[in-house]
Amino acid sequence: MSSRMRSLSPAPLSIAAIAAIVAALGLGGCGGSGGGASTASGPASATVLDGSAPDSLDPQVGITTTSMEATWNVYLGLYTYARANGSAGTHLIPALAAELPQVSDKDTLYTTTLRKGLHFSNGAPVKASDFTYAIERAIRLNWGDKSFLTEHIVGAEAFDEHKASTISGIQTDDGSGKISIKLTSPYGAFLNVLAFPAAGLVPSNTPMKAQPNDPPPGVGPYEIEHVVPGKSFEEAINPHWAKEAIPGIPTPQLTIDVKVQSNVGTQADEVFDGEADLYDWNTPLPPAALQQAKREAEDRYSVESVAQVSFFFLNVSKPPFNNLQARQAVVEALNRPAYERLASGYLKPGCYLLPPGLIGHPSSPCPYGDPESTGDVAKAKELVQQSGTAGEEVTVWGPAETPHREFVDNFAQMLDAIGYKAKEKVISPSTYYGAVTNVKTGAQVGFAEYTQDFPNPVDFYQLIDGDFIQPEGNHDLSLARDPVIDNGVKELAQLPASELPQAASKWEALERHAAQQAYVAVIGYQEAPKLTSERIDFGGLVFSPVYGPDWTTLKLK
Amino acid sequence: MDARAPSLSAPIPRRSAWRLLLAEPTAIGAGCVLVLIVVLCLLAPVYAKDIAHTGPDATHVTETISLGGHPHDVVSPTGVPTGPTWHSRFLLGADKTGRDVAVRLLYGGRNSLEIAALATLITMVLAIALALLAGWFGGFLDTLICRLMDLIWSYPVLLLGVALGVTLAIDGIDLGFVTLHGGSLLLPALIIGVVYIPYMGRPLRARVLELRRSEFVDAALQQGLNGGRVALSEILPNLTSNVVVFAPLLLANAILLEAGLSFLGAGVQAPAPSWGTMISEGTQLMPEAIHLVLAPGLMLLAAVVAANLLGDTLRDLLDPRSRRRRVRASARGLTLAPLELPPPEAGPMPPAEPAR
């Protein structure tokens, strides 16, 4: 889960000061200014800002949102997401595969064929066996979400454990381009797994070691060049792309200079001043910039929904939250509008685990309290009294970054108000998720946020599914083991993505049950800023609900 | 030279030192500022309960206050807290979670000063004990203690403090006979107290070595007194003036280090306030809510400058070399430049006097 946790904290002052000095000395990376004038030798460029550097630009290693945002247009896999705003952007379309797969053998055998005449960005032809190599490489390089592969593809676990030299469940034919993948059991979200950049094809002669500074060739509109670790990199238009002509994937007009700028204030200033073209959507605008955006940049600023949920987990394995009334009290007392303000407005209050827009998000009212209200402390106090847990000590965990630290302060204060004795344990964000996802830590209550791996309800349900409890890297932080949820998820997880709309009512029923059991106290869903420079066609820039702004749709006015 | 002025080569009797101190307007001013800050911080609960009507941790994010007859958000919808109201509620404004900055400033001051005072005490006790052991017994024990102090001294104080603070912030420390939880104020006090031991311990050890060779110590030993008793009755009292000079300087450094550690998240743990944590939280909202940094910053500045001025004046009065410089400068009609803190081995060394 931590892999997709997005940092919201602005840079500490010291880092900001250093960044400012470095920038003043003209050493702040080689991204260049956002002037982006068309040159005689190539297309115009746009400067995109990132608040933090991608963890890796190697597709089979990168796991953070900044990494996937950069690589999803460089390393296409068999399938990808439609380049569209809103829920249309969650639809899967064939990318390097010629069509959507044929699923047979009780939904465990996926068969498809590669498009003809594909080439990597270095000109080498694409072979079906490159797909096997990409999956094997992701496993060997310990990609953070490799369990999606090892748990579902026949023979992938044996390959991971070095008991096999290849993955027996993947069969390819380089001559015909046919690819078949055998799953251990039906898994409806498997096409989403194939749409990860980590499943993007790379040549079979790519070294079996991470290549973050010299990423391998891929098939996609862009190729990555000139990587300056931690500072900048460039996405140039793939010279072979025009030949591929994959329907649904735009041909880019601008090369992209990506520059890391950790100071959010400077980031915003650079976009307002036209020195850069796109603000990092992972970082909320600081208050001053937010006011400036609303005042001066109304036509190039908007707030976009992202599939993310922010919540406090309530550990049901120990008092007081092994008591339903105690958990209900917490949810009743939540002042969600306060969290919205603490997040500078970038949080939409809500009570369900699944974010709005995702199939399964109920339209019915919340079982406990109104998300728009400031919380019913009196009722919560009564519930705490009735539960017999009043006066118990509760330790609230949280990461020491804005606004999560403030979330924890507010939550602890609320626990005090309803009758508990709350203490806070706010620790470094770099160690926080490692600590609370370790069951031995025994975290009683804590803040967490989860950004989807892919747009499927099953991805969010690992947060309260007892089958996902594990000693380290645990996803079910509440340690909830509810047969209704565990069995429900097991059944619904088998449905292919194409049948999700028909299963919406079942997911909604599960959502209502989960909300009534209050295993997690959901506070809301994060939203993201979309801010561009004046010269960019703001309306034409697609904001994918999965990977954020689609750089292939960046164009000048 | 005034006939009543104490001899430069002789120790200053304590009463004379006190009179000299009272004659120094700088020292008086600095002392008054320190006392004022301490008294204000001690009155934090009274201020919180009877004037501000809110606690240091109470959040008021979605509440409104009346300013000039108009309702005003404590925290705006975009997350900007109100600035100083100059009224009893939110006198110095609110922070991002709608907490009263003035209340937290006073409670934070209590925490900062408590930690600094405790850390100074820990440093003094341990430094004196180690200096006596090393200087009196010498040999292997001296070497061991000196190398231990070198080891601590070789790490930058702030880095060492951060490393210890971050490590201990999660699980605290369990020494068997004493357990400190991660959020305990004793933890930063202990960390600061330990990292400053060489700062005081090394000059004190040098002083003990010097005293060890004094005639009055030889005389005491020849009278048949045992070594431990001589160390406590003859050496220890002669360290008093050194310790008195070091105390306010250590206090100032401890206040600063506590603020630094808390700023970096390795000192006082949330939600407890300290000036360092308040500045850290405030930097997130610069420049929209500059009061969040200014208020604790000015308090920190006042406390540290006052403690340093007091320490410098004390050193000038009690250190004969400083006094000699002062007299020469006065004779030439010069103004003394501010003195640098002594390096570890060159602490203030008033001449020895036999214990009376």
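**Figure 1. Residue pairing between strands β4(A) and β5(A).** In β5(A), L109(A) is the bridge partner of S104(A). The model shown here and in the following views is predicted. Strand β4 of chain A, residues 102-104, is antiparallel to β5(A), and three bridges connect the pair. Four residues separate the two strands in this hairpin, and D105(A) adopts a positive phi near 50 degrees.

**Figure 2. Pairing of β5(A) with strand β7(A).** Strand β7 of chain A comprises residues 178-182 and runs antiparallel to β5(A), to which five bridges join it. L109(A) has K182(A) as its bridge partner in β7(A).

**Figure 3. Packing of helices α4(B) and α8(B).** Two packed helices are described by the angle between their axes and the distance between the axes. For helix α4 (residues 101-137) and helix α8 (residues 197-212) of chain B, the angle is about 35 degrees and the axes are 8 Å apart. The crossing of α4(B) and α8(B) is right-handed.

**Figure 4. Residues at the contact of α4(B) with α8(B).** Contributors from α4(B) include M124(B), L126(B), I128(B), L130(B) and W136(B), while those from α8(B) include I197(B), M200(B), L204(B), V208(B) and R212(B). By class, the residues of this contact comprise 14 nonpolar, three polar and two charged.

Definitions and conventions: Residues are numbered from 1 along each chain as its sequence is written. Chains are lettered from A and ligands numbered from 1 in the order in which they are written. This is a predicted model: local features need pLDDT of at least 70, side-chain atom pairs count only at pLDDT 80 or more; totals for chains, interfaces and linings use all residues. Two strands pair if DSSP finds at least two bridges between them. Axes are lines fitted to C-alpha atoms, for helices over the stretch in contact, and angles run from 0 to 180 degrees between N-to-C directions. A crossing is left-handed if the near helix is turned anticlockwise from the far one by less than a right angle, and right-handed if clockwise. Two residues are in contact if their C-beta atoms, placed from the backbone, lie within 7 Å. Ala, Val, Leu, Ile, Met, Phe, Trp, Tyr, Cys and Pro count as nonpolar, Asp, Glu, Lys and Arg as charged, and the others, Gly among them, as polar.
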